[in-house]
Amino acid sequence: LWGASIAQARSFTPVGATNGLEALVVPSIMLDRKGFLWVGSREGLFRYDGYKTRAFLPRSGDPDAISDIDIRFIYEAVDGTIWVGTNTAGLERYDPATGKFRNFRHDSADPASLIDDSINAIAEGPAGLLWVATRKGLSRLERGTGSFDHVRHDPGSLTSLSNNWVSDLHLGESGRLWISTIGGGVNRWNPDSQDFTHYDLADLTAGPPKRNHVRAIHEDEDGILWAGTREGLVRLNSLTGLAEYIDLGSSDGYLPDITALNLDSTNRLWLTTMNQGLLILDPENGEWRPASLESQNAAGKLSRKALMSVSIGHDQVFVGTWGSGVYR
C-alpha cells in the first residue's frame, strides 16, 4: 500500500485528510498484517487503506457497534482479532470476519469483570492471556471464558506491581512482558514466580522523579528495554540491572516528554514527544536527529511538535499528532 522507504524519509506530510480520515487527536495508530492503517482518535476509530477510510463509530441501539468514540489504544492479536481500548467504555473486541464488536466493561457487582473502563494499553502475555492496562491496575482476560483476573500494587510487597497507573505494555522477542507505570518506573513480569521485578529508573539514572513517569516501552532484539519517560529516554539492560539516560537535547530548557517509541527494520529508534516533535536515534552510534512534519494549515503548525503515537511497517513510518491528524 505504501511507497517510500524509511531510509529516505526525512519530512512527513498529512495522511488521509482528504479521504475521510477525520481523526485529529491520535493517541494510537497501528498497521495490521494486511497493511491497513488503524487510527485511534478522540474523533473515533478509523481504518485506512491508502485510498479510502472506514469509520467505526457508536450507533445508538446497535449492540454490534463500538461503544465509545474516544479511542486510546489499538492492538492486533496473533489470531488477527483487533482489540481496542476506549477512554470511557472499556475494552472492545473486533472480529474482522463478522465486522462486529464485543464490549467488555467494568461491573462493580462482578469481580471477574474489567478492573476499569479507561484503557491505556493492551498486549498478549505469557500463557495466552490478554493483558489490559488501566489507571487502577492490570486486568488479564481469559478469552475462553470472558472473565478477568486483576493485578494491583500492594504497598506491603516489593515484588508486586509498582504502581496501579499502568501506561504501556510490551511483549518482547525474548518472551518477557514489560509493564510501564506513571510514577512507579518499569516492571518485568516473572511467570514462574507470578510476581514482578521493579526497575526504579529515577534511582538507576540518578535522575528526577519524573523519570519514573514512563509512557512508552520497547524491547529490542538484544534484550535492551527502551523507556520513554516525561524526562527523556532511558536504556535499561535487564540482565545487569543497569540503566543509562540517553541525552536527546532539550527544548526551552525541558527534556523530551516522550509519548511513544518504536524500532524500524534497521534498529533505529523513532520517538514521538509532546515538546520536541519526532526524534530518530541510532543506538549503534548514539547519533540522533529530528524529523520535520510539514503542514498546510494553521492547526498543524501549532501542534506539529505535540505528537502522540508512531507505527512502523511496510517500509513506512506513521505518526499520530495532538490536533492535526496523521502524518506519513
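## Briefing: aromatic pairs, core and sheets

Tyr199 is buried, its relative accessible area being 6%. The model in which this residue is described is a predicted one. Tyr199 pairs with the ring of Trp178, and the two residues belong to strands β17 and β15 respectively.

**Aromatic pairs and cluster**

- The structure contains eleven aromatic pairs.
- One of them joins Tyr94 and Phe101: the ring centres are 4.8 Å apart and the planes meet at 45°, so this pair is classed as tilted. Both Tyr94 and Phe101 are buried.
- The pair of Trp178 and Tyr199 is also tilted, with 5.8 Å from centre to centre and 45° between the planes.
- This pair connects distant parts of the chain, since Trp178 lies in β15 (residues 177–181) and Tyr199 in β17 (residues 195–199), 21 residues apart.
- Trp178 has a relative accessibility of 0% and therefore counts as buried, the limit being under 20%.
- A single aromatic cluster is made up of Trp38, Phe56, Tyr94 and Phe101.

**Charged groups over rings**

- Arg140 is placed over the face of Trp131, 5.0 Å from the centre of the ring.
- Arg211 has its charged end over the ring of Tyr245, at 4.0 Å from the ring centre.

**The sheet β14-β15-β16-β17**

- Four strands form an open sheet in the order β14-β15-β16-β17, and their pairing is antiparallel.
- The edges are taken by β14 (166–171) and β17; each has a single partner strand, so one side of each has no neighbour in the sheet.
- On average, neighbouring strands of this sheet are turned by 25° against each other, with direction ignored.
- Within the sheet, β15 and β16 (residues 186–190) run antiparallel and are joined by three bridges. Ser180 stands opposite Val186 of β16.

**The largest nonpolar core**

- The largest nonpolar core has 27 residues, and those touching the most other members are Trp83, Leu91, Ile122, Leu130, Leu138, Leu169 and Ile179.
- At least two residues of this core come from each of β6 (71–76), β10 (119–124), β11 (130–134), β12 (137–142), β13 (147–151), β14 and β15. Two of these strands, β14 and β15, also belong to the four-stranded open sheet.
- Leu138, beyond its neighbours within four places in sequence, contacts a set of residues including Ile115, Trp131, Val151, Leu161, Leu169, Ile179 and Phe196.

- β19 (residues 224–229) and β20 (residues 232–237) run antiparallel and are joined by six bridges. The bridge partner of Ile224 is Asn237 in β20.
- The hairpin from β19 to β20 passes through two residues.
- β20 is also joined to β21 (residues 242–246), by five bridges, and these two strands run antiparallel. Here Arg235 has Glu244 of β21 as its bridge partner.
- Four residues lie between β20 and β21 in their hairpin, and Gly241 in the turn has a positive phi of about 80°.

Notes. Residues numbered from 1 in each chain as written. Predicted model: local features only at pLDDT ≥ 70, side-chain atom pairs only at ≥ 80, totals over all residues. Heavy atoms only, no water. Phe/Tyr/Trp six-rings, centres within 6.5 Å; stacked < 30°, edge-to-face > 60°. Buried < 20%, exposed > 50% of the residue type's maximum accessible area, 1.4 Å probe, protein only. Lys NZ or Arg CZ within 6 Å of the ring centre and 35° of its normal. Pairing = 2+ DSSP bridges. Axes fitted to C-alpha atoms, helices over the stretch in contact; angles between N-to-C directions. Core = buried A, V, L, I, M, F, W, Y, C linked by side-chain atoms within 4.5 Å. Contact = heavy atoms within 4.5 Å.
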